[in-house]
Amino acid sequence: MTPLSGSEKSFSVNFKELKEFLGKHPVCLFPLNDETYKLLSNYPEVIDENFLKRFLVYPTGKESDKHINEYLQLLSSFPASLTDILPHFFEKNDGLGKFLQMGLSSGTKDSRWEDEVCSNLTKLKSVDHKGADIDLIKTVRMVFSEGGLLEDILEGYEYRQEQFMTALEIAESIEGKQGIMIEAGTGTGKSLAYLIPSAYYSISKGEQIVVSTRTRMLQDQLARKDVAIVKKLPNLEELRVWTLKGRERYFCLKKYFEELEYAVGSGKSKNRTELFGVLLWSIKTGSGDLDELHLKEENRNRFTATRFECLRKLCPFFNRCPYYNSRDNAQNADIVITNHSLLFSEAHIRLEDSREGEDEPIGMLLPKFKVLIVDEAHELEMSLTEAMSFNLVPHEAVSTIRKAINCSKDALRSIRNHFERSFLEELWGRLRKFTAEIEKILKTIVVSYNNCSTDEKHSIDNEELEALKKDIGELYTIIQRFRAVLIQLLRMVEEVAEEEETPVLEKLNMELKSVTSELDGLIRQLLGLSREEDGRVVYVRRTVTNNGNHLIITSAPIKNDQLMAAIFPDVPVKVFISATLWVYSGRSDGFNYARRILGLNESFHAIKLGSSFDFQEQLKFYIVKDMAKYQPNNREYLNQGANLISEMLKIVKGSAMVLFTSYKDMYYVISKISEELLDIRLQIQEPNNSPTAIVNEHVNSENSVIFGVRSFWEGIDLPGEHLKLLIIFKLPFERPDDPLINARIKHYGTKNYVEGLNKYYYPKMITAFRQGIGRLIRTRNDRGVLVVLDNRIVDGNKIYSRKLLRSLSPDVKINVIDGSRVISELRKLRRTKWF
Ligand code: SF4
């Protein structure tokens with residue numbers, strides 16, 4: 001066996017030579033990308049190494065000629081019985097199929113492959129660490145001080161005063177059982193600064209700590225990179241850290257086996273090769289976390305169960321279920337790493353379930369922790385809002401009802417010989433009647449908001465709200481009736497199944513339970529939407545997805561501060577940390593906005609630590625003086641901005657990002673400049689594109705520029721060469737007519753609207769601005785240029801501009817110059833290779 005060598009990035013295929021080469025070599029290993037895969041599918045001798053890499057543990061050796069043997073060895077550790085089903089997934093001549101056959105058949109494991117799925121999940125045992133005598137403050141000093149332990153274990157580590165201070169403050173706060181809020185600039189190394197004190201505290205006191213980050217990506221990064229460093233420290237080798245995500249991220253055996261059965265039975269399933277790869281992975285994985293596989297979202301959903309689809313304890317695979325295993329591990333871990341959305345959705349479920357008196361404690365997913373560390377704390381407001389909102393998406397509701405009626409039809413047919421025909425007909429008649437009524441109400445709702453545009457949220461109040469609530473109330477009643485018939489049908493299916501156990505009845509039983517569970521989710525949302533509750537705003541909006549343009553009705557909480565204060569009241573130590581919590585204030589310590597949105601009282605301890613960057617050296621900051629004044633839809637501003645952006649991008653030719661606040665402005669600018677920038681790859685954010693995919697594309701492309709809207713203002717990490725020029729098109733004000741923003745301005749402005757602007761609206765914009773510019777300088781070696789087109793930032797008459805400028809680091813030197821000068825400065829910086 002001889003491998004072809006080549007790197008994924010730069011490999012180009014000479015097909016003539018390849019054909020000759022393959023002629024002589026029966027098996028070849030070849031790193032492929034999608035394009036070459038299509039071309040090479042005509043060559044059955046070629047093995048897709050990407051497949052092996054994605055689904056198997058990647059071999060450790062660097063040289064590709066070693067890989068074949070390593071893969072073969074690894075395959076031989078799988079049950080040989082997998083070879084029985086292998087032919088269902090690969091074409092006869094497929095090189096990869098042949099290779100897998102060769103590897104799997106050499107295995108000696110004679111177990112049934114079905115029993116091996118998820119048999120290697122990590123199971124954390126409860127350990128009592130109590131007794132480790134650790135002086136937390138002294139240990140933190142030893143780890144973080146100059147010449148400390150971190151320098152010993154981490155190659156290239158540089159002492160950072162801000163990191164030391166952050167770790168010390170957190171240690172003192174945990175020891176003193178008091179909360180703290182810390183603003184620690186980018187580059188401080190805050191992950192280690194909170195993980196290490198947490199780890200030592202947990203080990204010495206035997207208490208669990210929950211760390212919440214903004215995204216799943218950050219969760220994985222913490223677990224992979226930072227936890228590995230923490231565990232190198234003395235006494236922390238045995239530290240048990242578990243990453244906990246929402247159930248939709250975990251592999252569901254039930255759904256997977258259904259899919260597999262279909263693929264094997266019909267031979268028709270989509271992506272059969274992928275299905276087999278997932279099977280290999282499922283046998284080896286320790287977590288069952290599908291994020292390990294980088295599947296496309298639509299494919300991932302085929303293998304996960306929503307809480308409405310999950311059968312919980314009734315599921316035949318419950319004991320091997322990765323999601324429930326993960327929950328058990330979270331109970332036993334010293335540190336649990338979770339994300340904000342899970343943190344709040346659990347809190348919400350807990351609240352809602354306790355209201356409805358559900359038996360199963362589905363909201364008790366997180367362990368009983370006494371210390372909560374919240375990273376990227378500025379984001380909590382948004383996560384809380386999302387978790388505490390109720391939504392009705394009419395087209396999804398229709399699809400649930402149709403799924404239910406189709407399933408009922410099959411069930412009625414299957415039990416027809418066991419019950420009176422007239423009785424079954426009556427049930428069917430009722431279900432059809434309810435379906436027609438439900439669809440009619442949903443249609444009425446959709447039609448009444450036909451004029452609602454995709455770009456804005458339309459507030460619903462007074463009579464309109466009354467009418468909507470009436471429709472939703474009716475919908476709720478009919479769906480409850482529909483559900484009652486479905487439950488009756490389910491009981492009948494169960495009764496028949498007791499007499500004659502057939503696979504069809506078993507499948508129907510499962511499907512009916514699953515669809516009932518989905519209906520429960522819909523009912524829960526309708527109940528939330530129809531509830532007469534103060535402190536909520538109801539609005540409609542349209543969203544564009546691949547399946548069309550859909551209406552969403554939302555009820556969101558206004559008083560996020562009060563909700564936040566009520567969450568986890570029994571957790572004494574809450575540590576909030578972020579690079580942007582502080583907003584300049586002449587009258588307070590600058591943390592009142594953060595305290596407000598986090599529901600903390602005015603005396604909650606807060607500190608601001610500086611940045612470890614040298615902004616004078618690393619950042620050039622220009623504000624374009626001669627831009628027209630920004631006004632919504634002001635063509636002069638848009639055209640002037642478009643011209644400047646185009647000129648700047650022609651100079652830097654990539655490694656840039658342009659941040660907008662609305663799709664409308666962004667699309668307008670792109671339409672004006674795209675033809676002038678043919679040699680530049682524009683990575684344009686679309687409403688449903690994942691920012692991660694765009695960032696990956698940007699990082700792997702030359703001459704690439706990102707055009708992004710809101711989600712690109714924060715959480716995007718583009719160090720070094722990937723971002724040299726950041727252009728801010730407009731200050732990131734939220735639309736004041738957005739129903740939720742407007743309601744919150746009024747909520748915080750108890751005296752008047754201006755008070756609400758000062759206490760909520762302006763600080764929110766300033767935080768977003770600071771987040772945006774934080775994308776540019778990510779490490780001590782970065783250098784970058786920031787250009788802000790919106791010159792309201794230097795308008796001395798505006799309260800917000802004075803606050804904003806004072807909220808920036810004092811090292812930042814701002815140059816307010818004309819657009820033409822910005823262009824010549826940029827040319828000069830390029831010429832002198834400043835960046
Ligand atoms: S318990 Fe739920 S998530 Fe787990 S395998 Fe069963 S259905 Fe899937």
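Start with helix α27, and select what covers its buried residues: among the elements there are α26 (635–652), β16 (681–684) and β17 (704–708). Now select α27 itself, residues 663–673. Its buried residues are Y663, D665, M666, Y668, V669, I670 and I673. Keep in mind that this is a predicted model.

**Zoom out**

Show the whole protein. It has 32 helices and 20 strands. Of its 835 residues, 55% are buried. Next, look at how the chain meets itself. Take the contacts between residues at least 6 apart in sequence: 77% of them join residues at least 24 apart.

**Colour by confidence**

Switch to pLDDT colouring. The protein averages 87, and 89% of the residues score at least 70. Select residues 1–12. Here pLDDT stays under 50. The model gives this stretch 29 contacts beyond four places in sequence. Then select residues 355–363. Their pLDDT is below 50 as well. Beyond near neighbours in sequence, residues 355–363 have 19 contacts in the model.

**Go to the ligand**

Where does the ligand sit? Select the largest cavity, and the ligand is there. Now show the residues around the ligand. They are C252, L253, K254, C310, L311, R312, C315, C321 and Y324. Colour this shell by class. Seven of its residues are nonpolar, two are charged and none is polar.

**Step to S517**

Select helix α22, residues 503–530, and find S517 in it. Is S517 buried or exposed? S517 counts as buried because its relative accessibility is 13%, and the cut-off for buried is under 20%. Show what S517 touches. Leaving aside neighbours within four places in sequence, its contacts are R307, F308, E309 and C310.

**Finish at S341**

Select helix α17, residues 340–356, where S341 lies. How exposed is S341? It is partly exposed, because its relative accessible area is 40%, between the limits of 20% and 50%. S341 and M382 are 41 residues apart in sequence. In space, their C-alpha atoms are 9.1 Å apart.

Note on methods: Residues are numbered from 1 along each chain as its sequence is written. This is a predicted model: local features need pLDDT of at least 70, side-chain atom pairs count only at pLDDT 80 or more; totals for chains, interfaces and linings use all residues. Side-chain values use heavy atoms; hydrogens and water are left out. Buried means under 20% relative accessible area, exposed over 50%, partly exposed in between (1.4 Å probe, protein chains only). Helices (H or I, at least four residues) and strands (E, at least two) are DSSP runs, numbered from the N terminus. Contact means heavy atoms within 4.5 Å. A residue is near a molecule or strand if one of its heavy atoms lies within 4 Å of it. On a 1 Å grid over the protein atoms alone, a cavity is a set of points where a 1.4 Å probe fits but cannot get out, and a pocket is an open set with protein on both sides within 12 Å along at least five of seven lines; lining residues have an atom within 4 Å of a point. A molecule sits in a cavity or pocket if more than half of its atoms lie within 2 Å of its grid points. Ala, Val, Leu, Ile, Met, Phe, Trp, Tyr, Cys and Pro count as nonpolar, Asp, Glu, Lys and Arg as charged, and the others, Gly among them, as polar. pLDDT is the predictor's confidence in each residue, from 0 to 100.
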